[in-house]
Amino acid sequence: MNEYDIIIRPLNTEKTNILHEEANKVFFEVPRNANRIEIKKAVEKIFNKKVLDVNTIQVKGKVKQRGKITGKRRDWKKAIVTLMPGERIEFFEGV
């Protein structure tokens with residue numbers, strides 16, 4: 001996998017915006033088989049920023065029901081990337 005395959009998409013919610021401003025953390029959806037070292041290298045290469053720490057969470061898909069039909073959303077992985085003090089990713093600024 002190259003770096004652009006590891007970062008699937010950024011996650012942008014109210015909570016992620018607050019943590020980005022207060023704790024300099026950014027959130028990404030990543031493949032379920034990606035590890036912390038690969039995620040760190042991908043963020044450093046794509047955004048050209050220094051990474052302090054990477055935490056990952058396996059998110060289980062919810063079971064949803066619509067009438068009699070029951071389905072399940074997919075499982076996915078979330079990466080919480082803490083940037084070094086003074087580093088900012090402009091992609092998330094002003095969102």
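**The hairpin and the sheet**

Reply: In the hairpin of β4 and β5, two residues lie between the strands, and Gly67 takes a positive phi near 70 degrees. Strand β4 covers residues 63-66 and strand β5 covers residues 69-72; they run antiparallel and are joined by four bridges. One of the facing pairs puts Gln65 opposite Thr70 of β5. Strands here are DSSP runs of E with at least two residues, helices are runs of H or I with at least four, and numbering starts at the N terminus. Two strands are said to pair if DSSP finds at least two bridges between them.

A word on what you're looking at: this is a predicted model, where local features need pLDDT of at least 70 and side-chain atom pairs count only at pLDDT 80 or more, while totals for chains, interfaces and linings use all residues. Residues are numbered from 1 along each chain as its sequence is written, and side-chain values use heavy atoms, with hydrogens and water left out.

Stepping back, the protein has three helices and six strands, and along the sequence they follow the pattern α-β-α-β-α-β-β-β-β. The C-alpha trace spans about 50 × 30 × 20 Å along its principal axes. Take the contacts between residues at least 6 apart in sequence: 60% of them join residues at least 24 apart. Contact here means heavy atoms within 4.5 Å.

Now for the sheet. Four strands make an open sheet in the order β1-β2-β6-β3, with antiparallel pairing. β1 and β3 stand at the edges with a single partner strand each, so one side of each has no neighbour in the sheet. At the β1 end, two bridges tie β1 to β2 in the antiparallel sense. Arg9 stands opposite Glu29 of β2 there. Further along the order, β2 and β6 run antiparallel and share six bridges, while β3 (residues 51-59) and β6 pair antiparallel over eight bridges.

Glu29 is the residue I'd zoom in on next. Glu29 belongs to strand β2, residues 25-30. Glu29 counts as buried because its relative accessibility is 2%. The side chain of Glu29 makes a polar contact of 2.8 Å with the side chain of Arg74. (A polar contact is a pair of N or O atoms within 3.5 Å; within protein, one must be able to donate a hydrogen and the other to accept it, and residues adjacent in sequence count only if both atoms are side-chain atoms.) Set aside the neighbours within four places in sequence, and Glu29 is in contact with Ile6, Ile7, Ile8, Arg9, Leu11, Arg74, Trp76 and Lys77.

Leu11, from that contact list, sits in the loop between β1 (9-10) and α2 (14-23). Leu11 is classed as buried because its relative accessibility is 10%. Ala79 is 68 residues away from Leu11 along the chain, yet their C-alpha atoms are separated by 9.4 Å.

Most residues other than glycine have a negative phi. Asn24 is not a glycine, but has a positive phi of about 60 degrees. The place of Asn24 is the loop between α2 and β2, and Asn24 is buried because its relative accessibility is 11%. Asn48 likewise has a positive phi, near 60 degrees, and is a residue other than glycine. Asn48 lies in the loop between α3 (36-47) and β3.

How values were computed: Buried < 20%, exposed > 50% of the residue type's maximum accessible area, 1.4 Å probe, protein only.
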